[in-house]
Amino acid sequence: MMQKKRCLIITSDAGFGHRSAALSVSKALEVLYPGQVEILVTNPIQETDTLTVMKPIEKGYDRSVRMSPGLYRLSYEVSDSRLVSEVVEGALTLMLQKIMADTIRDFQPDIILNTNEMFNTPIGKALQDAEPKILAFTVVTDLADVHSLWFSSEPDRFYIANEWVKVKALESGVPDDKLVVSGIPVSPDFALNQVEKQALRGSLGLDPHRLTLLFVGSSRVSNLQDYLQALEHFTTPVQAVVIAGGNDELYKDLIGSHYDFPVEVRNFEKNVPQWMMASDVLVTKAGGLIISEGLAAGLPILLIDYLPGQEQGNVRYLLSHQAGALVQNVGEFRAMLTHWLTEDGSRLNQVARASAALGHPEAALTIAKALWDAVVPQPEPKLLPPKAGGLFQFLTKN
């Protein structure tokens, strides 16, 4: 029997996107190679006892972004060049190389996947004398305005969202043969568990026939309740699902509120793919991961907030492909929703098709298969299809 392959996935918790991408690939590995892979998903900054100034910086990330968005935007833009990034990489290596080396030594991986731009160079330096050589791949978790820090020379391969990101990577000196346009990894459930929308709504306790809006919040989404309130007395029968995203204050306010339409409220929801695939419209901020999930579900996306700097590009990407809209206030929100619903919803369907055309529901499976192939260069075992499409279709296509 072949010994289990060991995959180390290094991530961070500055926002939800990095860890969510890491967990999506981990789940895809378990789906594709059950019992054959040992996986460790870890944030070495927070999950080791080593003291580093990075611990409080990462823990305070959400608060600093929320309290000082202008300063965040300025620092992002000023540092966005390979020259400045190389200076930053030197500092990060001094702070993090030992942590990375200790993590790698303790787990003894066959391959490494990284989902945070700060870790590329420290991982590379920690691996430079490794025998035998350990490959290290990187998943870039931004859709458009990708910071130069992502594109250091160390990773053996980069998995990126789209051609926009590829242009930036090439300009930053990354060779074309290191770049794979895979999409940002989202839960493999988006690709494998496709269910008819009305049946899925029924199984989740929703009205199968009402227009369904999914609101996804977080500690960095402002005024979400105002947009929810704007649906009262709407001309089309609606229902809403609100995921507070771990924002306890928002969650408490929501469960204490009353509306003239059905509202399902969750706090931190692990089963996001099902709620998305049961919905008609996604209302959220312009994070790269949440947009990628919405596109994977083929949802028209109404953006109500964005982070200055990196998320501005996500807004441009979505709008330029006509897969969603940015609204600045509740009046624009109601007007855009009404516009989409005219002509018996044909405009909404058009935006949904544009969204689905951009989506990569199979991204995590693609990356998981690449990790496996990098350490087990042999033909895939044949699997019997549980049903048409799904996992079997993915494996036979790839």
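Residues are classed as buried under 20% relative accessible area, as exposed over 50% and as partly exposed in between (1.4 Å probe, protein chains only). By this criterion, buried residues make up 54% of the 398 residues in the protein chain. The structure is a predicted model, in which local features need pLDDT of at least 70 and side-chain atom pairs count only at pLDDT 80 or more, while totals for chains, interfaces and linings use all residues. Residues are numbered from 1 along each chain as its sequence is written, and side-chain values use heavy atoms, with hydrogens and water left out.

The protein chain contains 17 helices and 12 strands, taken as DSSP runs (helices: H or I, at least four residues; strands: E, at least two) and numbered from the N terminus. The accessible surface, from the Shrake-Rupley method with a 1.4 Å probe, comes to about 17900 Å², and carbon and sulfur atoms account for 53% of this area. Of the contacts (heavy atoms within 4.5 Å) with a separation of 6 or more, 66% are between residues 24 or more positions apart.

Six strands form an open sheet with parallel pairing, in the order β9-β8-β7-β10-β11-β12; strands count as paired if DSSP finds at least two bridges between them. At the edges, β9 (263-266) and β12 (324-326) each pair on one side only. Neighbouring strands are turned by 15° against each other on average, direction ignored. Within the sheet, β7 (residues 211-216) and β8 (residues 238-243) are joined in the parallel sense over six bridges, and Val-216 stands opposite Ile-243 in β8. Helix α13 (residues 288-296) packs on this sheet, with contacts to β7, β10 (281-285) and β11 (301-305), and its direction makes about 170° with that of β10. Axes here are lines fitted to C-alpha atoms, for helices over the stretch in contact, with angles from 0 to 180 degrees between N-to-C directions.

In helix α7 (residues 163-171), the buried residues are Val-165, Lys-166, Lys-168 and Ala-169. These fall within an arc of 165° seen down the axis of α7, so they line one face of the helix; the arc is that of the directions from the helix axis to the C-beta atoms. Their cover includes β5 (157-160) and β6 (179-181). The N-terminal end of α7 is capped by Asn-162, with a side-chain oxygen 3.0 Å from the backbone nitrogen of Trp-164. Just after α7, Gly-173 adopts a positive phi of about 95°.

Thr-115 is located in the loop between β3 (111-114) and α6 (120-127). This residue is buried, at a relative accessible area of 1%. Residues up to four places away in sequence aside, Thr-115 touches Ile-10, Thr-11, His-18, Ala-22, Val-139, Thr-141 and Trp-150.

How values were computed:
A polar contact is a pair of N or O atoms within 3.5 Å; within protein, one must be able to donate a hydrogen and the other to accept it, and residues adjacent in sequence count only if both atoms are side-chain atoms.
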